[in-house]
Amino acid sequence: MEVCLDLCDHNAQPHIVVRDTVHILPREMLGQSTFGLSMWLLKWFPVHVVDRILLLVARTMLGDTARLGLKRPTVGPLELKSLSGKTPVLDVGTFAKIRSGDIKVYPGIKKISGRQVEFLDTRSEDFDAIVLATGYKSNVPLWLKDRELFSDKDGLPRKAFPNGWKGERGLYSVGLTRRGLMGTSIDARRIAHDIEQQLSAEGKL
């Protein structure tokens, strides 16, 4: 969600793929941070009651998110967090961009062929770049056919940090450094510089 918002704020036209259900909550509710309000309510009420309050306020503030392709799980946000570790998304402005149409929501991906992406609802579209948010544990070897950049063993770059950020044919890896935000920042800066050099060489910058 935040990646899409950053791209949109810098004049890109991002699309977001939502393969699963997701809880989206406002960052603030009733004049307080959503997290702080949740913790306060949990002192007085059981989890399922707090979940109902959060979802009621979220529905009032955001409307029906499912109408825009963002279906909510059947389990409440706090209960889901305790059961699976899956954290609700605290909206920092992305949802307004989705509602306005500046960010488009698509279902899961069926196939990627070069720049063309075919979606599960049979739509297809060409993209300049695809950002794959793979989560905290890399499962890249399960779905990526490239075997040069990533190791089959752990899904991390084969080359040791700080040299594991670039593959062939425009494939990059960012954040899989085991060095926290510092490593992610170094990867991101190297990738941005590399893209800038390529665009300059092509006369597009």
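Author: Tyr-106, Phe-119 and Phe-127 form one aromatic cluster. This is a predicted model, where local features need pLDDT of at least 70, side-chain atom pairs count only at pLDDT 80 or more, and totals for chains, interfaces and linings use all residues. Residues are numbered from 1 along each chain as its sequence is written, and side-chain values use heavy atoms, with hydrogens and water left out.

Reader: What makes Phe-119 and Phe-127 an edge-to-face pair?

Author: Rings of Phe, Tyr and Trp (its six-membered ring) pair if their centres lie within 6.5 Å; planes under 30 degrees apart are stacked, over 60 edge-to-face, the rest tilted. Here the centres are 6.3 Å apart and the planes make 85°. So the pair is edge-to-face.

Reader: Why are Trp-165 and Tyr-172 called stacked?

Author: Their ring centres lie 6.2 Å apart and their planes are at 5°, so this pair is stacked. By this rule the count is 4 aromatic pairs.

Reader: Why does Trp-165 count as buried?

Author: Buried means under 20% relative accessible area, exposed over 50%, partly exposed in between (1.4 Å probe, protein chains only). Trp-165 has 13%, so Trp-165 is buried. Phe-119 and Phe-127 are buried too.

Reader: What makes the charged end of Arg-123 sit over the ring of Tyr-106?

Author: The rule asks for NZ of Lys or CZ of Arg within 6 Å of the ring centre and within 35 degrees of the ring normal. The charged end of Arg-123 is 4.2 Å from the centre of the Tyr-106 ring. Arg-123 therefore meets the distance limit, and its charge counts as sitting over the ring.
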